[in-house]
Amino acid sequence: MRKVASTLIHRGLSALYARLVPHVPEAMAGRVRMEQVQSILRMTPVMMGANIVIAVLVGAAGLASPHTIVLTVWAALVISYALLGLRGWFAARRRKGGKSTVSQHGVNRVVLQAGLLGCLWAILPILTMPREQGFAGAMPMLVACVIAGMIGCGGFALLTLPAAAIAYSTPMALGALWVLATSGDPVLYALGGLLIFCHLVVSVSCLAHAKIFADRLVAAEELEKQKQVVSLLLSDFEEGASDWLWEVDAAGALTYVSDRMAAAAGVDKAGLIGQPMSELCGAAETPTGPVAALSALFAEQKAFRDVTVSIAVGPDGETRQTHWWSLSAKPVHDLNGVFTGFRGVGADITQAREDQARISRLAHYDVLTQLPNRLSFLQALSKAWTDHGKPRSKGGTGAGCAVLCLDLDHFKGVNDSLGHPIGDDLLIQASARLRDRVDDLVGDDGLVSRLGGDEFAVVVAPSPGHAALGELARAIVSDLSLPYAVRGHHVLIGASVGIAVAPFDADDPDGLLKNADLALYRAKGDGRGAYRFFETAMDIWAQERRALELDLRDALAKDELKLFFQPLIGSGEHEVTGFEALLRWQHPTRGLVAPADFIECAEQWGLIGAIGEWVLFEACRTAATWPSHLSVAVNLSPNQFATGDLVSQVRKALKVSGLAPERLELEITEGLLLHDSAKTLKQLAALKVLGVKIAMDDFGTGYSSLAYLWRFPFDKIKIDRSFVAEMQDNTAIADILRTVALLGQTLNLKVTAEGVETPAQARLLADMRCDTFQGFLYGRPMPVGDIPSFLLSNMAQQMRRGDEGHEGEEAAVAG
Ligand code: C2E
Ligand code: CA
Ligand code: CA
């Protein structure tokens, strides 16, 4: 029980303490004390004036009492003290301005002075203690009233410093109480009670008021500090940050513009104030999409964030530039809640916007050709599929969409031999041709993109139909196959195209692309420079090709490659002058595979290097066993020049086999010289230095065979068999062949005619003065084991011919 009571008391006192004692932070105590003392100082003249007046009145009242002398002395004391106080006040006023704080010692002095004054007044009741009856009633009453009044006045004047108020009033109250308590008069007892009550009320209200006073001071100080911080931050923000502040009124006209904003707008501040913000800014765009204008946002009277607006910066005329600002603002309301405008921040985001646009462009466009890239292609394909590709049963339009995959033929060769800068220029030119053609034939329905390397794709939606797609593909192939002039080089490449059409050819966009790719693969497999529509059977064909690739990779290791040899016959005596080595693949299940069926694949799959090296060594090794007047011709693929170690391979093959260099003839095609880089010509020259012969194969099938004859000192040209096959029916071709043979003589080149199949062809070619023949008429390509018997029979025939003279030439030729 007692414990409960003590806790209750404790709690009560704590609550009272919290209510009455102000919490002043140490740092502020000096300032608070200063304010307290100042407010007392302000009241000092009144307070001292009151003391003097009341002391004079009491002194005067005392004239009629038996205490005249004592009271006069007392009044003189009080008045002197009050005058001293006034003097202090004057001195303090003169000193005013220097200090902003007061120490605890200073406060203590004030309390002491108040206490002393209180003590002076406390003496008054004691001095006027009733000595005789009769007067006793009036004087104490007067004194009690005076004391009560003085307590009230003191409390009022010393309100802000309760310690001083209490020090002042307590001695007076005690003095008066003592007199009243000792009077023996019940009325005066009651007066004493009243005095106690009065003293308590004054003390408590002093304490309470002082607390409010101190708390207010602390709060005001805190507010001032915050204000300083905010204004510091604001000025820092306006100076340092890239953002700026602005304000508009309810009509949207600018009422505040920071320096930075004026600078960003390229106009001076005064010119902006009063101008409607939405007139300054053009098209607006919120993060969620475009809005009509800034004024529309203002009209909503709602806060907005990160609204992008365009603005014309700078003076009127050509130098005016469009900038982009990002604005965020909140509506402002007055104390009555009436909307008064907007206050917000802004920033110039032109650079960021441009960077973003650049990044977005990089993400969607190919840097080299400026065509949309794979990502854009896939997006376009997916849209085309959704809009047109789906079958009607699944909600599509039924129009269909198509994908054309295309790939440049022989591009890798150009890149490898002429170098990447030329390869890049070639890609740029090819891209432009492709885009122009697609624009021309399907316009906005077609999107051309570069998937990477020399691979391109076109999405066409809606599909213009099978025939139009075929026409587009044909036109693309023919455009891309026209000669290119790249940095002084004359370059020829081709293109192959594969086409797949939705919804027939696939169930989804990925399938459509895959099948267009398959059709492309087929187009390339069928000899390039062609286009193919996807067919279901292509899948099987592609699988077979892949199986072939796997097998070919093992062919060398499994010793499945063989060389066949086809004789070359001198046109005069019909003697064998040598053999051309022709590659065969003895496949365990496919049988004997012809080079036409795998050489191109070997080139594509990067296997030709190793295969070609094997052919070179094998051909030299075989030829070394033949009579020394017989030569051997070896076909070279352009890729063998690209690797760069061809010359050393040839040197090594000659050394290992012991074959005399002049017995080796290397056949190259125009394809190699198309990309006549310094590198290729250097290798050819180095081969010539070794002593081997160089022949131009398939002469006449390319674009500028003749031109190449001047570029490099060939030893031989081999007229392509297509000319030989046609020369009898086509006199123009016969004329060309005659000219070529003549050219050979002039340039001191040997001329070989390929594909001689009939004695009539042989006769005609002999008349044209070709040096050598090669063809089924004389001998098909044969395995190495058949060579000795072939040579024997050739020798026998020659001898017979020698015997028979020159008659019956046809009968003498081996069939
Ligand atoms: P090519 O260099 O023009 O070889 C001549 C081709 O014509 C050979 O076909 C040969 O069998 C064929 N031929 C010869 N005489 C006649 C004829 O009277 N009538 C007809 N219709 N054809 C005749 P093959 O052996 O199938 O070779 C085809 C092509 O494969 C060759 O054309 C050559 O470009 C390439 N090739 C062959 N072996 C190699 C090789 O070891 N390396 C490289 N890179 N290519 C090779
Ligand atoms: Ca050849
Ligand atoms: Ca040939």
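The model is predicted: local features need pLDDT of at least 70, side-chain atom pairs count only at pLDDT 80 or more, and totals for chains, interfaces and linings use all residues. Residues are numbered from 1 along each chain as its sequence is written, chains are lettered from A and ligands numbered from 1 in the order in which they are written, and side-chain values use heavy atoms, with hydrogens and water left out.

- Asp 697 counts as buried because its relative accessibility is 6%, whereas Asp 698, at 26%, counts as partly exposed (buried is under 20% relative accessible area, exposed over 50%, partly exposed in between, with a 1.4 Å probe and protein chains only).

**Around ligand 1**

- Among the 21 residues around ligand 1, Gln 566, Arg 584, Arg 721, Glu 757 and Phe 776 come nearest (a residue is near if one of its heavy atoms lies within 4 Å).
- Asp 698 turns up here too, with a polar side-chain atom 3.4 Å from an oxygen atom of ligand 1.
- A polar backbone atom of Phe 776 is 2.9 Å from an oxygen atom of ligand 1.

**Strands around β16**

- Strand β16 (residues 576–587) has 10 of its 12 residues buried; strands are DSSP runs of E with at least two residues, helices runs of H or I with at least four, numbered from the N terminus.
- β16 runs antiparallel to β15 (residues 561–570), joined by 9 bridges, and Leu 568 stands opposite Gly 578; two strands pair if DSSP finds at least two bridges between them.
- In the hairpin of β15 and β16, His 574 takes a positive phi near 60°.
- With β18 (residues 631–635), β16 pairs in the parallel sense over 4 bridges.

**The five-stranded sheet**

- The open sheet has 5 strands in the order β9-β10-β8-β13-β14, with mixed pairing.
- β9 (446–452) and β14 (531–533) are at the edges with a single partner strand each, so one side of each has no neighbour in the sheet.
- β8 (residues 401–409) and β13 (residues 494–502) pair in the antiparallel sense over 9 bridges, and Leu 404 has Ile 499 as its bridge partner.

Conventions
Polar contact = N/O pair within 3.5 Å; in protein donor to acceptor, adjacent residues only side chain to side chain.
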